[in-house]
Amino acid sequence: MTQTENSLAAEKDVLRRQALARRAAMEPTRRIELSLALVDAVDSLPIPEGAVVSGFWPIRDEIDPRPLLDRLRAKGHRLCLPVVSKPHLIFRELTRETVLVPAGFGTTVPDAASPELRPDVLLMPLAAFDKAGNRIGYGKGHYDTAIAALEKNGPLTCIGLAFQTQEVDHVPAEPHDKPLDGILTENGYRSFSHIWS
């Protein structure tokens, strides 16, 4: 890493820790209420009819996308969840019959019998985001490599899911960082397309 890369990584780490501390300080009941509010914005999401949508299984105090995913399923979308694999995440189908198994970091994933899907839309967890659509993940780079691989095979819409308290003034973006197409919080959906289109 160069000195500049080290500096950016350190700055991101500070912002990550601060945003996650704010998220963790929220009352558990409040997190549930605000997670349920995501469903209210389902019709404003830029998800084409019949699109395959990847969600995530929430860990720790993350916003819970499961009510939103259930609404998307009811609207006819096929769902999948990310599974950590090499060289990048893979995505396995999620139905009401899917057998879920524990995975690392306290998350849950569809078992190996669940078919792999190529998502058209990623609903992504994150640590922090800014008004330009830049995001800070958890530092492992799983989504960065998955996005790069998925974009080789067609268009991909990336939507962050987070609590409003996770917004920061500015995320120091690096060349490999792909801005989000939009962010969904308890306050509704915000598109970033106009910023860099």
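1. The side chain of D43 meets that of K75 in a salt bridge, 2.9 Å from N to O; the term stands for a side-chain nitrogen of Lys or Arg within 4 Å of a carboxyl oxygen of Asp or Glu. K75 sits in the loop between α3 and β2 and D43 in the loop between α2 (28–36) and β1, so the pair ties together parts that are 32 residues apart in sequence. K75 itself is partly exposed, with a relative accessible area of 44%.

2. Before going on, a word on the source: this is a predicted model, in which local features need pLDDT of at least 70 and side-chain atom pairs count only at pLDDT 80 or more, while totals for chains, interfaces and linings use all residues. Residues are numbered from 1 along each chain as its sequence is written, and side-chain values use heavy atoms, with hydrogens and water left out. Helices (H or I, at least four residues) and strands (E, at least two) are DSSP runs, numbered from the N terminus.

3. Seven strands form an open, mixed sheet in the order β3-β2-β1-β6-β9-β10-β11; two strands pair if DSSP finds at least two bridges between them. β3 and β11 (188–191) stand at the edges with a single partner strand each, so one side of each has no neighbour in the sheet. On average, neighbouring strands are turned by 25° against each other, direction ignored. Axes here are lines fitted to C-alpha atoms, for helices over the stretch in contact, with angles running from 0 to 180 degrees between N-to-C directions.

4. Now for the individual pairings. β1 and β2 run parallel and are joined by three bridges, and S54 stands opposite C80 in β2. β6 and β9 also pair in the parallel sense, over four bridges, with C158 in β9 as the bridge partner of L122. Three bridges join β9 to β10, again parallel, and L161 stands opposite L184 in β10. β10 and β11, in contrast, run antiparallel over four bridges; these two strands form a hairpin with two residues between them, and L184 stands opposite Y189 in β11.

5. How much of β9 is buried? Five of its five residues are. T157, I159 and L161 point one way from the strand and C158 and G160 the other way.

6. The largest nonpolar core has 43 residues, and L68, L72, L122, L123, L161 and L184 touch the most other members. Such a core is a set of buried Ala, Val, Leu, Ile, Met, Phe, Trp, Tyr and Cys residues joined through side-chain atoms within 4.5 Å. Among the elements giving two or more residues to this core are β1 (52–54), α3 (66–74), α4 (142–150) and β9 (157–161). A second, separate core of seven residues includes A19, A128, I136 and V171.

7. L68, L69 and L72 of α3 are buried. Seen down the axis, the buried residues of α3 fall within an arc of 100°, so they line one face of the helix; the arc is that of the directions from the helix axis to the C-beta atoms. These buried residues pack against β1, β2, β6, β9 and β10. α3 is followed by G76, whose phi is positive, near 100°. α4 lies across β2, β3, β6 and β9, running at about 170° to β6.

8. Lastly, the charged pairs: the count comes to 13 salt bridges. In α3, R73 and D70 meet at 3.1 Å, N to O, and lie three residues apart, about one helical turn. R17 pairs with D13, with the closest N and O atoms 3.1 Å apart; both lie in α1 (residues 3–24), four residues apart. R17 counts as exposed at 51% and D13 as partly exposed at 31%. D13, R16 and R17 are linked in a network of salt bridges.

Definitions and conventions. Buried means under 20% relative accessible area, exposed over 50%, partly exposed in between (1.4 Å probe, protein chains only). Contact means heavy atoms within 4.5 Å.
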